[in-house]
Amino acid sequence: MTTKSLRMPQLFPRPKSSTGIWSWIGTVDHKRIGTLYGITSFIWFIVGGLEALMIRGQLASAENDLIGPETYNQLFTMHGTTMVFLVIMPLSAAFFNWLIPLQIGARDVAFPRLNALSFWVFLFGSLLINFSWITGNAPNGGWFGYAPLSGATFNPGLGMTYWVVGLNVLGLASIAAGLNFIVTILNMRAPGMSMFKIPIFTWMTLITSVLIVLAMPVLAVAGIQLMTDRVYGTHFFNSLGGGDPVMWQHIFWLFGHPEVYILILPAMGIVSEVLPTFARKPLFGYPFVVFAGAAIAFMGWFVWSHHMFTVGLGPAANTAFSISTMLIAVPTGVKIFNWLGTLWGGNIRLNTPMLFSISFIAMFTIGGLSGVIHASPPTDAQQQDTYFVVAHFHYVLVGGALLGIFSGIYYWWPKFTGYFLNEKLGIANWALMMIGFNLQFAPMHWLGMDGMPRRIYTYGENMGWETSNMAASIGGAILGLGILVFIINVFYSKMNKVMAGNDPWDGRTLEWSTSSPPPVHDFDEIPQVKYRDDFWFQKYPETIAEYHHDEHDQAVPSGAQLDEVEEALPVVSGGSYGHGDGHSAIHLPDMSYYPFILALGIAGLGAGFLSNNVVIAVGAVILVWGLIGWAMEPVNDPK
Amino acid sequence: MHRVLKLSFPLRPALLLLVPLAIALLAACTPDNNQSTFGTAGPIAEDQADLFKFIFWIAAVVFVLVEGAIIYIAIRYRRRSNDDKLPHQTHGNTRLEIAWTILPVLILVVIAVPTLTDIWAQQNTVPQDLGEVLNVEAIGHQWWFEFRYPDQEVVTSNELHIPVNRPVAFKLESQDVIHSFWVPKIAGKVDMVPLNDNFIWMIGDEVGEYYGQCAEFCGIAHAHMRFRVIVHEEADFQAWLKGMHTAADTPVAGSTEASGKNLFAANCSSCHTNDSTTPGSYAREISSQQARWNGWISDIKTSGIVSAPNLTHFGTRNTIGGGLKDLTRGSLENWITDPSSIKIGTRMQKHAAVYDTADGKAKLTPAEVSDIATYLLSLKPGTAPAGAVIETDGADGANIFATNCTSCHSTGDNKVVGPGLAGIGDRAGSQVAGMSADDYIEQSIREPAAFLVDGYPAVMPEWSQLGDDSIDALVDYLKTLN
């Protein structure tokens, strides 16, 4: 309107349609992007799960020849890569997208187009890396890509190039999303919502986002070096040219260990929301849980070499990393105790989300304890690269991250869609997953102690590993059945809708104060926040004194002190919409095609490293077009 | 407005979850399994198992307390019927929270003390007071293990022999990718990393045969990269060492063994050495193993030569394929005919000319396979005195050539690994100015690296060990080739 003189000629007008495919391609709505993330990563979850089932099929009996070693190596490489980068990270991102603006009382994220870009880059990156299956070049060097086995000499062909290029593309998506959520959480909180009043899931998202922004560039460095090793013959990690393969491990795990917390902290945030709601009590020791999360994220940078206790770094390095690894168990333990404290004395409703969250504590505890066992390098010398480690991290990532995510799905589904997921099917889903999961992964503990190495496609009849492996494979099938029940539940619940209303669980946080599903603009009026769990205290004002009385007694440092609450509510956050005035006109970001175009250019550039320079050039042209179009796009189309 | 769903769930079925865990724990004690880290046969593995058990029982107590608390709380504080009472909206309890921050720290200190003690006891140098140290260089190859005893000048593969109750110090190496050296019953693993030699020491304190396996993913045959450790009484170990310096008896002319020996020489010997018993043979094996590596790495796709296990006194081995199968005539013949039927991905089938067939099986008749097997199984310390010079059958150049050279050189024009040698007598005199044909051929045999022909890999070992007479006979024979 006012900037007409500055406007560039537009190839595309701002998209307008609110339905149909173009409304999705042009969307910048955080809720729609969250849905896109959720659906895409769930499809990859099914793919990664089928890969796991094939692995379990092969290992079900000794000297099985269901699939050969080459396919097996591709399957476990892609299973790990898929589950880490295409499932748990983006499923968490789906929750970030859906929930962060709703939890902090905002109308969108800070950079809506950047948010859309993150999704499209993720989508194209995930398609690129899985395209390798179609060309018969699936990566086969492990999700950890250890040099020199991942280098061109020992692994010719395109497989590991797909892997490394795909990861670099995916990393861009994560970094952009991480920055977006940091800025969103710091700047766009509703008036009155100081940092110690934001919901715990938002805290965990903030911490995770900081980790993503710091850790993914580390992977990018290693990835670019490995890519040039493979594509242009450099010698960063190529021992034949004097490069150092151990350096790859250092860089990879310097990314890789913070990555573990990137995977688990969002689930911890979900559980920290679900437990208080279903126990009808506030989170026990909110500041402790926040600081424990921050401590985990900080200490997570000093433990990477515990993945390398057998690499031969020497007793001094192993001592240092053993101590730091044991220390990180402390804040993790604190969280578990605080969750138990939350449940203690509650009025606990065992609905599906709660069953998943309680199971999270139970299973994650097992993963944590086995982690302490191999934090000790002498015992780890026997467990490293065995099924004991496989059991450990599946208890953390399936028993932890995935159960937390399922808890979140059942918990927020009514908010996302307006109707419940079926409770009976939900319980069947939960029970099958829990039985299958434990049957699959518990036996792996002693398979490891029995000396079964990881990543072997077969084993001899004389090793005594058959019973446990058969049990694990049956467990895998039951776990798969549990996921199938979930999928059935999604469709069943859609066809037999049980409407939920705005606040079906008697929730505590702001997202339950708006309609289900929320309107495009999230909140008719930007909420004014006085308290932590503000929505709860609006509903139950009689409990305000009880909660804050305790707080004063215990003298816990907190932003939610009573006197502060009594203050007038000035503008606390620099939110773009409303500026503390909930009644101002609703302003929403306009849709745009350029995130899609820019993402296409980035993916094209990546595909070029797999094919030839012409493709690189085409990708670069699309990328530059996307950048310029993005930069010059008018704020509003002429009306 | 605060509708609470009437969806509750009986908790007892949840207890069923513990059933698989319980079954799992009951089935856990399997110390007799071949690679069990319990039922140990050496003090290092024993200390590691003890430390594991120590931490395990602490973890088990925490496990029972936490899981018990979860179940107790979930039952005790479970919502009854339609009771919608609000529990006390407690904020937290700082003293309690500080307590459960400190408690894990204390538990971890208890775990850290024996951990650090064991790290420094196991990963530092070999303690002085444990007896005479045996030095071994263990080298990981895709996908087999080479063992060198530098002080005894013995080299072998896939079956490691060590004396009981004596510390063995290993230098761990790799040239290709990362492997990991692991004998679960004797000691935890240490990786074999290219350009980063590693160290591990161990003691076997029970005589017996133990399983080892590569623990670091190393490519297509990773699952099959296994080995055995044979722990001997000291006297038996010394006898084994002596045997490794005792040449096998030369097959009687015309015997099956002799036929097998010729077939082995023609088809196998460019990669497999099988007579590293004489003085100097240790150094030769090292240089020829390096030459094979150079040959493979210079032409990974089509090289006719690969790193391969030394087969000296193969007939005394217990297993084949690196601990994959018991060594029998049947398993050996299967291996020779079609190695991938036992070990998918093995390099010899891809690179050795004898497997260059449509189905990848050896270009050998069953009788020939049987002869090679007979010959290999006959390889044992013979009755000849240790340190005997290589038998050269007088100075029969044709025989020397057939035994030592034909796996890489043909007598025609075609390239095998090295150039075809037809007409070499005519060419040799004009290769290097001022060097006669005789000198050129002889020096090419003695120092092949100095006379490398363009386009061929630098893989040929130095053959001075043949002795002057034999080399003269060989040169005379070569000059007759047309």
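**Strands, contact and confidence**

B:Gln213 stands opposite B:Arg226 in E10 of chain B. Strands here, and helices too, are DSSP runs numbered from the N terminus, with at least two residues (E) for a strand and at least four (H or I) for a helix.

Before I go on, the conventions. This is a predicted model, in which local features need pLDDT of at least 70 and side-chain atom pairs count only at pLDDT 80 or more, while totals for chains, interfaces and linings use all residues. Residues are numbered from 1 along each chain as its sequence is written, and chains are lettered from A and ligands numbered from 1 in the order in which they are written.

Back to E10(B), residues 226–232, which runs antiparallel to E9(B) and is joined to it by six bridges. Another pair between these two strands is B:Tyr210, which stands opposite B:Val229 in E10(B). E10(B) also pairs with E4(B), this time in parallel, through five bridges. In that pairing B:Ile162 has B:Val231 of E10(B) as its bridge partner. Two strands count as paired if DSSP finds at least two bridges between them.

Put together, that is an open sheet of three strands in chain B, ordered E4-E10-E9, with mixed pairing. E4 (159–163) and E9 (208–213) of chain B are the edge strands; each has a single partner strand, so one side of each has no neighbour in the sheet. On average, neighbouring strands of this sheet are turned by 25 degrees against each other, direction ignored. Helix H5 of chain B, residues 234–244, lies across E4 and E10 of chain B and runs at about 130 degrees to E4(B). For these angles, axes are lines fitted to C-alpha atoms, for helices over the stretch in contact, and the angle between N-to-C directions runs from 0 to 180 degrees.

Chain B has another open sheet, of five strands in the order E3-E2-E1-E5-E8, again with mixed pairing. What stands at its edges? Strand E3 (154–157) and strand E8 (198–202) of chain B do, each with a single partner strand, so one side of each is left without a neighbour. Within it, E1 (residues 134–141) and E2 (residues 144–149) of chain B run antiparallel and are joined by five bridges. B:Ala138 has B:Phe147 in E2(B) as its bridge partner.

Is B:Asp129 buried or exposed? B:Asp129 counts as exposed because it has 6 C-beta neighbours inside 10 Å. The cut-offs are 20 or more other C-beta atoms within 10 Å for buried, 12 or fewer for exposed, and partly exposed in between, with C-beta atoms placed from the backbone. From B:Asp129 to B:His272, 143 residues along the chain, the C-alpha separation is 39 Å.

Chain B as a whole has 14 helices and 12 strands. Its radius of gyration is 31 Å, well over the 23 Å that the globule rule gives for 482 residues, so chain B is more spread out than a compact globule. That radius is taken over C-alpha atoms, and the rule is 2.2 Å times the number of residues to the power 0.38. The C-alpha atoms of chain B fill a box of roughly 105 × 60 × 45 Å along the principal axes. Of the 482 residues, 45% count as buried.

Now the contact between the chains, which takes 93 residues from chain B and 102 residues from chain A. Contact means C-beta atoms, placed from the backbone, within 7 Å. On the chain B side, H4(B) gives the largest share, 16 residues. That side divides into 51 nonpolar, 29 polar and 13 charged residues. Nonpolar means Ala, Val, Leu, Ile, Met, Phe, Trp, Tyr, Cys and Pro, charged means Asp, Glu, Lys and Arg, and the others, Gly among them, are polar.

Last, confidence in chain A. Its pLDDT, the predictor's confidence in each residue from 0 to 100, averages 90, and 92% of the residues score at least 70. Over residues 1–7 of chain A the pLDDT is below 50, and this stretch has four contacts beyond near neighbours in sequence. Residues 552–583 of chain A also stay under 50, with 58 contacts beyond four places in sequence.

Note on methods:
Two residues are in contact if their C-beta atoms, placed from the backbone, lie within 7 Å.
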